[in-house]
Amino acid sequence: MGQVHVLEHPLIQHKLTIMRSKDTPTKEFRELVQEVAMLMAYEITRDLPLAPIAIETPVAPTVAKVIHGKTLAIVPVLRAGLGMADGILQLIPNAKVGHVGLYRDPETLEPVEYYCKLPQQMDLREVIVVDPMLATGGSASAAIEAVKRRGSTSVKLMCLVSAPDGIARVQRDHPDVDIYVASIDERLNDHGYIVPGLGDAGDRLYGTK
């Protein structure tokens with residue numbers, strides 16, 4: 001079973017609290033999403049393998065370490081995941097980026113894939129699927145399934161705020177995927193919003209209602 005990692009670093013928690021406030025304006029909310037995603041990326045990449053290489057500093061030759069092995073691919077779920085991807089790319093600018101677009105079928109309420117564009121050789125990449133909210137888990141599970149269908153074998157999920165329902169759904173559908181969140185909130189309300197949550201992340205990122 002994939003592990004659930006709650007990232008409780010003080011900077012992450014402080015910035016998340018500001019994001020939750022209904023009085024935080026769009027510009028600041030967008031900046032905070034990027035900052036928290038960047039901080040979370042430090043943790044989610046903690047286990048990347050290193051390899052020694054010989055280099056020469058201005059003072060002397062030495063052996064130092066570089067990231068070795070699979071290259072990274074960041075896959076935001078459209079549209080809200082884009083804000084998180086921007087933050088991760090500030091930390092890891094060489095990462096490749098894919099996109100998965102989903103909408104909810106009005107009758108079945110299940111996510112339907114309408115767009116998927118991924119880098120080549122997904123089987124050779126460490127994949128991080130990003131979406132700010134893990135509510136019911138339907139969209140996250142569908143996005144993970146989309147990248148797996150295209151060859152991905154090493155996938156992690158990064159979300160800002162989660163509900164127990166969403167975590168359970170992803171663990172049920174994808175027991176091999178580790179989940180990284182900044183918070184596990186209380187529950188979902190009757191409209192499928194996370195409580196206390198932070199509202200609709202897409203609307204708050206882009207100023208739409």
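A residue counts as buried when its relative accessible area is under 20%, as exposed when the value is over 50%, and as partly exposed in between. The model is predicted. Ala60 has a relative accessible area of 31% and is therefore partly exposed. This residue sits in the loop that links strand S2 (50-56) to strand S3 (61-67). Between Ala60 and Gly138 the C-alpha to C-alpha distance is 54 Å, and the two residues are 78 apart in sequence.

For the protein chain as a whole, the secondary structure consists of six helices and 13 strands. Buried residues make up 44% of the 209 in the chain. The C-alpha trace extends about 65 × 40 × 30 Å along the principal axes. Of contacts between residues at least 6 apart in sequence, 64% connect residues at least 24 apart.

| Property | Value |
|---|---|
| Accessible surface | about 11000 Å² |
| Share of accessible surface from carbon and sulfur atoms | 53% |
| Positive side chains | 22 |
| Negative side chains | 26 |
| Distance between the centres of the two charge sets | 3 Å |

An unreviewed UniProt entry carries the annotation "domain: Phosphoribosyltransferase" for residues 6-208.

Technical notes. Residues numbered from 1 in each chain as written. Predicted model: local features only at pLDDT ≥ 70, side-chain atom pairs only at ≥ 80, totals over all residues. Heavy atoms only, no water. Helix = DSSP H or I, 4+ residues; strand = E, 2+ residues; numbered from the N terminus. Buried < 20%, exposed > 50% of the residue type's maximum accessible area, 1.4 Å probe, protein only. Contact = heavy atoms within 4.5 Å. Areas by Shrake-Rupley, 256 points an atom, 1.4 Å probe, with all protein chains shown as cover. Lys, Arg positive; Asp, Glu negative; His and termini not counted. Charge placed at Lys NZ, Arg CZ, Asp CG, Glu CD. UniProt positions renumbered as here; feature names shortened; annotations may be inferred.
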